[in-house]
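Subject: Two-chain model, handover and findings

Hi,

Here is the structure we talked about. Please load it first, then read my notes below.

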Amino acid sequence: MSDEISKLPPQVQERLLRLQQLQQTLQTILQQKQQVDAEQAEIDQTLAELEKTADDAVIYKAAGALLVKADKAKVNADLTERKELLGTRVTVLARQEERMRSQLKEVQTKLQEDLNPVSAQSQQ
Amino acid sequence: MATVSKDEELRKLSMELRYFEQTAEALQQRLGMMNAAMTDLTYANMTLESIEKEKENAELLVPIGGSSYVKVKLAESDKVVVGMGAGVSVEKTLPEAKAVVKERLDELEKSRAAGQQQLSQVVERVNHGRARMEELLAELRQGQQ
């Protein structure tokens, strides 16, 4: 396979490499987005559970391996703040994903033209 | 011409098979995680039921890992702390805690049943695909002879 690639013109080889890099970056972005989505869902669930508990309920917050007593209002505020922060992160990641996808499409089109110039021209 | 279309079918089938095999693997992993979570919750339920029978100041051994334990005295036999996710835990009465554990177990059981159904569908498609692939390979081999 690598032998076949080395027979291609250097410009095409470069584009192939760029395509692989873009695919990897997109994969990383998607993984990060999935993690952030999961954390957001967990916070939503916790906030919903907290809503159901009494205001004077005894609540603990994890601090490493320890659980530290905490105030419900403070825990609520902390979780809401974290959720907002994650919301911003999701927006940034979505923008990065969109940009990656458009760059990928561009490189893919150019590669198709490089590898199949005759049919690409006849399609135009 | 017929060989070309068989080659094409074989190529598509091989891609489909790879996709279904990956899906089956992911589903199996998820089922494994669900099973582990269910075992964990079952232990929690058993512990809650045992604690229910104990009185305050009862002497207990709490596992600290490495098959080692520390001696403790039960301060409150009717209250436990239950994790709610996102690093937050809430103090609950024993019946409340048992209800939470039961609810989680029920939800997991439903998800596991759905996952198992999905897995058997995917496995069926993989088996079907493999059988068709063998047929095609045999036909192609015959065509070459």
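Ala86(B) counts as partly exposed, at 24% relative accessibility (buried is under 20% relative accessible area, exposed over 50%, partly exposed in between; 1.4 Å probe, protein chains only). Ala86(B) sits in the loop between E3 and E4 of chain B. Its phi is positive, about 55°, although Ala86(B) is not a glycine. Most residues other than glycine have a negative phi. Element names follow DSSP runs, numbered from the N terminus: helices are H or I with at least four residues, strands are E with at least two.

Before you go on, the ground rules. This is a predicted model, in which local features need pLDDT of at least 70, side-chain atom pairs count only at pLDDT 80 or more, and totals for chains, interfaces and linings use all residues. Residues are numbered from 1 along each chain as its sequence is written, chains are lettered from A and ligands numbered from 1 in the order in which they are written, and side-chain values use heavy atoms, with hydrogens and water left out.

Ser67(B) also has a positive phi without being a glycine, near 55°. Ser67(B) lies in the loop between strand E1 (59-65) and strand E2 (68-73) of chain B. At 71% relative accessibility, Ser67(B) is exposed.

**The interface**

Ten residues of chain B contact 14 residues of chain A (contact means heavy atoms within 4.5 Å). The two chains bury about 1,000 Å² between them, and 63% of that is on carbon and sulfur atoms. Buried area here is the accessible area (1.4 Å probe) that two parts lose on being put together, summed over both. On the chain B side, Met84(B), Ala86(B) and Val88(B) lose the most area to chain A, together 42% of what that side buries.

What about charge pairing? Polar contacts do turn up: six residue pairs between chain B and chain A, both residues at pLDDT 80 or more. A polar contact is a pair of N or O atoms within 3.5 Å; within protein, one must be able to donate a hydrogen and the other to accept it, and residues adjacent in sequence count only if both atoms are side-chain atoms.

Strand E3 (79-85) and strand E4 (88-93) of chain B each supply at least two residues of the side that touches chain A. E4(B) gives the largest share, five residues.

Strand E1 (residues 59-63) of chain A runs antiparallel to E4(B), joined by three bridges (two strands pair if DSSP finds at least two bridges between them). Val88(B) is the bridge partner of Lys61(A). Within chain A, E1(A) pairs with strand E2 (residues 66-70) in the antiparallel sense, over five bridges. Tyr60(A) has Lys69(A) as its bridge partner in E2(A). The hairpin of E1(A) and E2(A) has two residues between the strands, and Gly64(A) there takes a positive phi near 70°.

Thr53(A) is worth a look. Thr53(A) lies in the loop between helix H2 (10-52) and E1 of chain A. Thr53(A) is buried, at 11% relative accessible area. Its side chain reaches the backbone oxygen of Leu50(A) at 2.7 Å. Not counting residues up to four places away in sequence, Thr53(A) touches Lys72(A), Val90(B) and Lys92(B).

**Salt bridges**

Glu97(A) forms one with Lys33(A), with the closest N and O atoms 2.9 Å apart. Glu97(A) lies in helix H3 and Lys33(A) in helix H2 of chain A, so the pair ties together parts 64 residues apart in sequence. Glu97(A) is buried, at 13% relative accessibility. Lys33(A), Glu97(A) and Arg101(A) are linked in a network of salt bridges.

In chain B, Lys98(B) bridges to Glu52(B), again with closest N and O atoms 2.9 Å apart. Lys98(B) is in helix H2 (residues 94-144) and Glu52(B) in helix H1 (residues 2-53) of chain B, so this pair ties together parts 46 residues apart in sequence.

Best regards

Note on methods: A salt bridge is a side-chain nitrogen of Lys or Arg within 4 Å of a carboxyl oxygen of Asp or Glu.
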